[in-house]
Every structure is written in C-alpha cells, then in structure tokens.
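Please read it alongside the sequence and coordinates shown here.

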Amino acid sequence: MKLTGSKILLESLSLEGVDTIFGYPGGTVINIYDDLMGSSIKHILTRHEQAAVHAADGYARATGKVGVAIATSGPGATNTITGIANAYMDSIPMVVITGQVPTGLIGNDAFQEADLVGITRPITKHNYLVKDIKDLARIIKQAFYIARTGRPGPVVVDLPKDIQMATTKFEYPETVELRGYKPTFSGNVRMIEKAIKMMLSAKKPVLYVGGGATLTDAHAELMELAETLQAPVTTTLMGMASFPTRHPLSLGMLGMHGTYYANMAVTNSDLLIALGARFDDRVTGKIDTFAPHAKIIHVDVDPTSIKKNVRVDLPIVGDLRDVLKKMNKALGEKKEDVAQANEAHKPWLEEIAAWRKEHPMSYKPSKTEIKPQFVIEKLRELSNDDAIITTEVGQHQMWTAQFFEFTQPRTFLSSGGLGTMGYGLPAALGAQAAFPERQVIDVSGDGSFQMNSQELATLVQYRLPVKIVILNNNFLGMVRQWQQLFFDKRYSQTCMELPIDFTKLAEAYGATGLKATKPEEVEEVIKKAFATPGPVIMEFKISREENVMPMVPSGAALNEMVLAS
Amino acid sequence: MRHTISVLVENEFGVLTRIAGLFSGRGFNIESLSVAPTLDPTLSRMTIVTSGDDRIIEQVNKQLNKLIDTIKIIDFTGEDFIEREMALIKVNAEDSTRAEILRICDIFRGKVVDVTPKCYTVEVTGSPVKVNAIIDLLRPMGIKELVRSGPVVLGRGPKGWKGN
C-alpha cells in the first residue's frame, strides 16, 4: 500500500515504540499534524520549540527511551538548537523532526527556510535532509539506531514539505546497514584483565563515575564493583543518582563544587577508575595537577573521550554495563585476592573518613533567613524516594546536587555539559508525561525559571502535576557569586531588581502558587504543595547572598578548594 | 608534525562539510584536502594533510572515525607511500626567459600546456617538495597565477586498500 511521507513518518515512529512526542505545529509540518489526529501517538503541545526538545530530553533521561520532538521549518527549527546542543553535550538519545521548505525551494531563501542540517551539524550525532520519499523509512530507522546505540545523542531529520506529501510503498527496514558506524559494545577481555590486576594491587583506588552509568543503566553492576572492591565512589553531576549518596562508600560529587573529601580522595588516589565519564574541566580543575599520583583506567564507549583531556594508562572502549559485568565476573573468581585488596584499602577508607569528618558537606543554618540548602534537605525528607528531580542551571542546581542525597537511578535530570538555564521546567514536563503517577519536582532559581516559564501553560493544559521549587534570591546567583569572589563584588547586571510575584504568575496560568519567607514556613509549604493536585509553584525567599561552597576556583587544582566564603 | 591521512567516506550530500566542519570546530589544522569519487561511485576518497602533536593527531583520527559517514581512515605517516601533487603555473615568458623556462620544465618533467606571446602555463606533477622546487625556480620570471591540487597518496607495494 502506498502511504504519504507524513504517514510513513508516524508509522515508523510507532514501530520504534514511540508513544509520546513533544512539538509545535507550523506551515511545513502541517501535514504531519493533520495525520497526528488519527494516530495513537500522544502529542504534547509545548509553548516554545526549545521546551519541546528539553521535554523530549527529560522524557529520554527519565525512561531511557529515545525522546522525540517536532518543529516546523525556519524559526521553529532554530528554536530547537539549544535543546539539541544540550542533548548532544549530555549524550541523550533523541530524534528531532523538523519541517523544511519543499525541495524545489531549498536554497532560495524561501519563507521560513533555514539550513537546519548545516546549523545542527556540530551539535548532532548525525543529521539527515530527506530528499527522496523512498529514503524516508530507512532514514527514520537509522536515526533511531544511531540515537540510541554507542554513545547516544540527538539525530535531526529535516523533512521537506513535498516529501511529506509524496507517496510511496511503505516498508520499514528490519535491519540497519551503516558501513561507517559500528560502535564497540563489548569491552576487550584482555584489557579488563589488566584493569583487574591494577585494581587488586592499588592501595588507594577511587571509582569516578559519569553519565555513562545512567545511560547504560549500570547501577547494580556499579554497586557490585564498589562493594566487592571496597573502593570509594565519586560521581560527576551526570553520574549523580547512579550510586546512592548515603552509601558508606559514596563520596558525593567531585569537581568545582564537589565535596572536600571527594576532591581530596582523587588528588591522593593511586588508581582512578573512570567509568563513563569524560574528564570535563568542571571536574578536573587545573589539568596538570589532576590526580597527580594516580594511574588512570578509562572506560568509555566513545574512543574520542579517551586521552582527550588527560593521560590514560589503560583505556577500555565499550558499553559500561558490559565492562562492569565482566569486571565483576573476573573479581568473583579471585576471592582471595579481593579479600587481600579489601584489607589493603582499609587505611585508605580511614583516611577518607578523616577528611569527611574534617569538612563534611555543611552550611550555616539560620533561624531568620531561609537557607537554600535547608529547603533542599526538607525537600528530600518530604518527597518520595522515587521522586524525579530536575534542575535549571546555577546555584540551585549545585545545592540540589550537594544536598538532595539521591537514592534511585534516573531521578536527577540536569543540564550538565551545556549548562542550559531554562532546562528544568520542560524536562520535568517530559518526565511527568512519561511517569504521570510519580512525583516530579523542578528545582529552580528565579533567573532560570523565567527562561521557560511559559511552560506552566503546558503543565496545566495536560494536567501534569509538576511541583516547582523556586529558590528566589532575586539575583543571577552563580554569576553574582563569581562577581563577589573574583570581581570585587561588582554586581554587574546580576541583580534582577524587579521582584516577580511567582504565586500570582502560577495563578495566572491556573496553577497553584505558594510562598515561604521564613524558615518555619518551609516544611508547611512543601507539604501543602505535595498535597495539592496539579502543578504548584513553591516560592522560597532565600538568603540573598548565599554562596555555593566548597568551590574550586576556575583554573585551580582540586585540592585548592575554598571551603567557605 | 605533518600527517597525510586518507579517508574513505560515503559519497553523499554534505560529507565534505562534515569533515571540514570537524576540523574547524575542533581547531585542527588543515593544510590541504582533495576529494573525488572512487571506483565504487558510492564512495569518495579524501586525502587530508594536517599537522599537530601526537595527542592532536590521535584526536583527529578518532574524531574522523566517529563521523557516521566515515568508513575507513589510514594515517600514512611513518608508512611507505607515494605522494603526488599537481600544479598549474602561469609564468611570464619573455624572449630572454623562454628557453630557461623550458629547461626548468624539462628538468622537472613538466609540460607547457598553454602558450601565448607573453606567457607559458606549465603543468607539473610530483611530491609537494618537487612542486615547491619548480615554483622557486620559476618565481624570478614572474608567476602570474598558480594552482595546486594538494597531494594525493597511495601506499607502496602490492597491497590494495579495499574501497579504492
């Protein structure tokens, strides 16, 4: 049977198991939207294309499936750019469908034309311009395959309007043939054996865990390795929640705003085992002094991540979960050596315990002002264990990472690599669409929230009961903190000046708005928000010049951290 | 250090941009790049001359490999290979210099492929070093225009690289 391009697209999405997509209609996708009316795929209309892509991203991070977003050509497509770049930096599997002007008009500066394949080339894992209806099904198949395999990432399919209207026989390919794309899945056994030897002879090992642990759902395998080896675990922002923060072996986050003990452990370690992490500058600080005494084992599915930033003594390319399984199996066969190694690690764990005692994660409590860290602690206490937390970018993001104490995988969705303000609310929207019954909480600052606050409308329209925490200091807090510490308190353009009444904003959209201005009101507001159906904004007027501490100043070594301001 | 890399890619729309964009986006040097389809019309073969320290060259190779459209890469540096480049050189040919130009051409096994009363266009093929040498010798006569193809390379010996 012959189908139109738009029908072929929707059929293909269904065959890929897509049940929810996020998007915004327009002239060059109007055919697709017409066919959506009879389709089983649920479409969520966001209020901005950027939000549609972040929502697909949040959906993907929460579920592990490929997120799908759709936008029209020209401005619709260019509005997706930040969302695509965000997903690219954090390796999130995603397919973004954009409309394009008819093939005959491409290059003519037609109305709402933009060269999206050109624009998105450096921020996608791959992208396609469909020029022939006969290629469409194959391209969709390939797009999903590329998005979800190897190091995952966003794939853009730019689909001209005339291709959507053309017809051809629909046959969805069963297999993918890409002679230039064969990602390594299976970790090399001989390299893994070498790694085991290094692990068993190390005195001061540290497991440094990144987003790869979440992307491969390797939480159980990671736990097994850490406990078998009795090796401490520190995670990056992206690795957060892949290892429970309260576990005795957890060091919390490392890097610029990491814990004192995590950064000291890395600096003094003799073996750093990097698992699905990529040595970002926010993690390493000054690269020359990063882990100066350690041999480095680097496990990553992407060969380009290895030896990009740091020297590596033993590279292992492969799927992290596969590699961890093989490591655990090999260690299971060496019980005596493992027992000896555990014994040898004891003084190391004691050394770390001393650092932890010396400078635990802490803040100065206050009886008069609401401390943001206090709000995060209360949020942890009062929310469900499987609550999904999203954040925007800035101080509130770091406080959440430092104080929330995550226990379950895929419960912390945050923009790591790109650092996108305005990510959290639409990401929460996407996560809530995937899990209507779970608690989904966007922790936000007053600056970030205003970057995509229009999505309140989407939440209310689709009855997505996202709870929004706004830590309101009326500052662009993280930049202000840098200005305070490094620019002599010259607060250039970081004071928001106009105070927004966020409770009224919530009400304008038909959501609920709650506000706390004193510490004793915090618990009540959170409890009330959780008991209120539908989306709720909780606005907390926090101490205005609170800083995120500890902090490794930009370009300093990890052990040169500032502990308090 | 200078590296000559052959890259086999899908002969598809936008591939050249992907390769060129990769080099500019990541700050890699690109000294020359030549590209044409292979015997198999679905493939193109590129020859890229780049430079950088070992760490950068490792990244160049890995990043090229990471592109979906890239099928195979050979870094010929340290290998035994034939490197050839072609140049077309339009040079002033006065009565006093004509004979000299022809002699130089002869030495370099070049050919005069276009003649006017005032100039010769010389075609020469060889390693980039050889091409540099003839340019240096012709420069005193006055070079009016010059175009170089950038080198193409092939490994020596009987072994062929699949996807020629």
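A residue is called buried when its relative accessible area is under 20%, exposed when that area is over 50%, and partly exposed in between, with a 1.4 Å probe and protein chains only. The structure is a predicted model, in which local features need pLDDT of at least 70 and side-chain atom pairs count only at pLDDT 80 or more, while totals for chains, interfaces and linings use all residues. Residues are numbered from 1 along each chain as its sequence is written, chains are lettered from A and ligands numbered from 1 in the order in which they are written, and side-chain values use heavy atoms, with hydrogens and water left out.

Helices (DSSP runs of H or I, at least four residues) and strands (runs of E, at least two) are numbered from the N terminus, and a contact means heavy atoms within 4.5 Å.

| Residue | Element of chain A | Relative accessible area |
|---|---|---|
| T98(A) | strand β5 (residues 94–100) | 0% |
| L222(A) | helix α11 (residues 219–229) | 0% |
| L275(A) | strand β12 (residues 271–275) | 1% |

With a relative accessible area of 0%, T98(A) is buried; setting aside neighbours within four places in sequence, its contacts include V29(A), A71(A), A77(A) and L116(A), together with V156(A), V157(A), D158(A) and L159(A).

L222(A) likewise counts as buried at 0%, and, residues up to four places away being left out, L222(A) touches L207(A), V209(A), S242(A), F243(A), L275(A) and L324(A). Between L222(A) and V233(A), which lie 11 residues apart in sequence, the C-alpha to C-alpha distance is 9.2 Å.

**A helix pair in chain A**

Helices α3 (residues 49–63) and α5 (residues 81–89) of chain A pack with their axes 7 Å apart and at an angle of about 25 degrees, the axes being lines fitted to C-alpha atoms over the stretch in contact and the angle running from 0 to 180 degrees between N-to-C directions. This makes α3(A) roughly parallel to α5(A), a term for angles under 35 degrees. From α3(A), Q50(A), V53(A), H54(A), D57(A) and R61(A) meet T82(A), G83(A), I84(A), N86(A) and A87(A) of α5(A).

Chain B contains 4 helices and 9 strands, and its C-alpha atoms fill a box of roughly 55 × 30 × 30 Å along the principal axes. Of its 164 residues, 43% are buried.

The contact between the chains takes 22 residues from chain B and 20 residues from chain A. About 1700 Å² is buried between them, of which carbon and sulfur atoms give 49%; buried area is the accessible area (1.4 Å probe) that two parts lose on being put together, summed over both. F13(B), R18(B) and I68(B) supply 41% of the area that chain B buries against chain A, more than any other three residues.

How many salt bridges are found across the interface of chain B and chain A? There are 2, by a rule that asks for a side-chain nitrogen of Lys or Arg within 4 Å of a carboxyl oxygen of Asp or Glu. A salt bridge joins D302(A) to K66(B), with the closest N and O atoms 2.7 Å apart.

How values were computed
Parallel < 35°, antiparallel > 145°, perpendicular 65-115°, else oblique.
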